[in-house]
Amino acid sequence: MADRIASSVTAGSVLVEVAEGDITDQQGFDAVVNAANAQLLPGGGVAGALHRAAGPGLAEEGRALAPIRPGECVITGGHRLANPWVIHCLGPVYRMDEPAEQLLASCYRKALELAERRGLTSVAFPAISTGVFGYPMEEAAAVALRTVLEVAPRLEKVRRVRFVLMGSRALQVHTRALERLAGGGGGGQGRP
Ligand code: APR
């Protein structure tokens, strides 16, 4: 099913979109981001869904790259996904991995830097840490979107970043955060 894009802004040369959808169904994106566990194994939520859709090769490839620490990212192939690449990020467990805000921001920054180094042009993120890891959605959305909008003007290869949210509440929270950070502009209005 096609994503419902609720809001978008342009930061530098990067289109940043907020959409409701499924991270395993992101045709046309070079990379999808996994809200991973340290061992890069299948789990619940995003990790479980991505591993199921990608097949066992994803965990096999991940074995050589694990473990990763909170705030870190690694990249693998997409295996049976429509996307050639998966960027695995380990978000902070809320109230356990500190400083949580810096660690969460690091996930988004490093994922985009990794994509840039690989020459990827489009990346789709889930809301890292907001499920099993317990990061409150409003706080996480502000950190995630602020970081992407800060990093975007430095990117030369990445041209499109999508936040893929599950459910209308997550969509609403991210839409509001994007519009607030972009100075009230949304709906494709450019951000300076
Ligand atoms: N597409 C988009 N978003 C999804 C999907 C999906 N298919 N499935 C879940 N989500 C949403 C959740 O609703 C939540 O808001 O992604 C967000 C992140 O949830 P989690 O996948 O639980 O990720 P996180 O909080 O970072 O916890 C990671 O969970 O499954 C385990 O092994 C994983 O230990 C790791 C931990």
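## Stops on the tour

Start by selecting Leu40. This residue is buried, because 25 other C-beta atoms sit within 10 Å of its own. The cut-offs work like this: 20 or more other C-beta atoms within 10 Å means buried, 12 or fewer means exposed, anything in between is partly exposed, and the C-beta atoms are placed from the backbone. Before you go on, know that this is a predicted model, where local features need pLDDT of at least 70 and side-chain atom pairs count only at pLDDT 80 or more, while totals for chains, interfaces and linings use all residues. Residue numbers run from 1 along each chain as its sequence is written.

Stay on Leu40 and look at its backbone: phi is positive, about 60 degrees, although Leu40 is not a glycine. Most residues other than glycine have a negative phi, and most peptide bonds are trans. You'll find Leu40 in the loop between strand E3 (31-35) and helix H1 (45-54). Helices (H or I, at least four residues) and strands (E, at least two) are DSSP runs, numbered from the N terminus.

Now jump to Ser129, in the loop between strand E6 (122-125) and helix H4 (137-151). Its phi is positive too, near 75 degrees. Is Ser129 buried or exposed? It counts as buried, because it has 28 C-beta neighbours inside 10 Å.

Next, two prolines. Select Ala66 and Pro67: the peptide bond between them is cis, with omega near 0 degrees. Pro67 belongs to the loop between helix H2 (57-63) and strand E4 (73-77). Then try Glu98 and Pro99, also joined by a cis peptide bond, with omega about -5 degrees. Pro99 is in the loop between strand E5 (85-89) and helix H3 (100-117).

Time to head inside. The largest nonpolar core has 68 residues, and Ile87, Cys89, Leu104, Ala111 and Val123 touch the most other members. (Such a core is a set of buried Ala, Val, Leu, Ile, Met, Phe, Trp, Tyr and Cys residues joined through C-beta atoms within 7 Å.) H3 gives the most to this core, ten residues. Click Leu104: beyond its neighbours within four places in sequence, its contacts (C-beta atoms, placed from the backbone, within 7 Å) include Gly91, Ile128, Ser129 and Tyr135.

Last stop: helix H5. Among its buried residues are Ala170, His174 and Leu181. What covers the buried residues of H5 includes strand E1 (4-11), strand E2 (14-20), H4 and strand E7 (160-165). Just after H5, select Gly183, where phi is positive, about 75 degrees.

Note on methods:
Contact = placed C-beta atoms within 7 Å.
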